[in-house]
Amino acid sequence: MTDLSKADSALPAPSLGELLTQPSAFFQKLSALPPRPARYLWLVALTSLVSGVATTLLSRNALGVQSAALSGAGGGLPISPLFNYGAVVFASVFVTALLWLLLWGLGTLGAGKEGRAAEVYGATFLPMLVWAAILLPLAAFFAPQITVPAPDLSGLSGVELQKAIQQYAQATQAELGGNIVSRLSTYLGYAVYLWQFALAYIGFRVLTANAGKAWRGVLFPAALLLVVGLAGWLLSRAVTGLTSGS
């Protein structure tokens, strides 16, 4: 038994490229390896970093004009665009790590321990990395220009200052979101999520040999993400209505 476990641990990990071309074969080879939840943690980390840089490049003009407009607002300290850029990258890393933990937990709840959700969802971050790598040069060369005029914040304070800042931020974000590159990033981002879940289903089906567990391993986290996304959209609509109507 010990010799068998040593032989399993000596097996090479399946090529990640095979995940995109022959996902069933990829997960068959993965099943021969001993479970290791952190096996693809490096891929999650790399994806979060590349995605964060791409997102920052895409929104750099909006972040720049917001920093310029808000620097010294109400007598405050100047706000460096680099601080905003770093904040966006950090947020991407944090959110991606949190997403992986969420997928791991709910995937395990649905597919069971034999589904090896940490490895399945870790490996399926590869499509996100591919898309982030494609988006990177697009964002670098075709970042949306922001033409919203900066507000005059002089003499404003308290609620009036806060309202002016909110309206300006919403206007710049709306112009950013209306750009064709930004829309392409959003829509293809949704497609990549569907791709990830499709690969995860194949992984769970191979590892558990149970279609019901495979569906639960995918639907449990997908349902929660849909609920959270819908709640965020409704909240943003409510906030926009309050600030525009006040």
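Start with Glu18 and Lys29, whose side chains meet in a salt bridge at 3.0 Å, N to O (a side-chain nitrogen of Lys or Arg within 4 Å of a carboxyl oxygen of Asp or Glu). Glu18 sits in helix α2 (residues 16-21) and Lys29 in helix α3 (residues 23-31), so the pair ties together parts eleven residues apart in sequence. Helices here are DSSP runs (H or I, at least four residues), numbered from the N terminus.

This is a predicted model: local features need pLDDT of at least 70, side-chain atom pairs count only at pLDDT 80 or more, and totals for chains, interfaces and linings use all residues. Residues are numbered from 1 along each chain as its sequence is written, and side-chain values use heavy atoms, leaving out hydrogens and water.

The whole structure holds four salt bridges, including these:

| Pair | Closest N and O atoms |
|---|---|
| Glu114 and Lys213 | 2.3 Å |
| Glu119 and Arg116 | 2.9 Å |

Glu119 is buried at 2% relative accessible area, and Arg116 is buried too, at 10%; buried means under 20%, exposed over 50%, and partly exposed in between (1.4 Å probe, protein chains only). Arg39, Arg116 and Glu119 are linked in a salt-bridge network.

Now for the helix pair. The axes of α4 (residues 41-58) and α8 (residues 126-141) come within 8 Å and cross at roughly 25 degrees (axes are lines fitted to C-alpha atoms over the stretch in contact, with angles from 0 to 180 degrees between N-to-C directions). The two helices are therefore roughly parallel, a label for angles under 35 degrees.

Key
Parallel < 35°, antiparallel > 145°, perpendicular 65-115°, else oblique.
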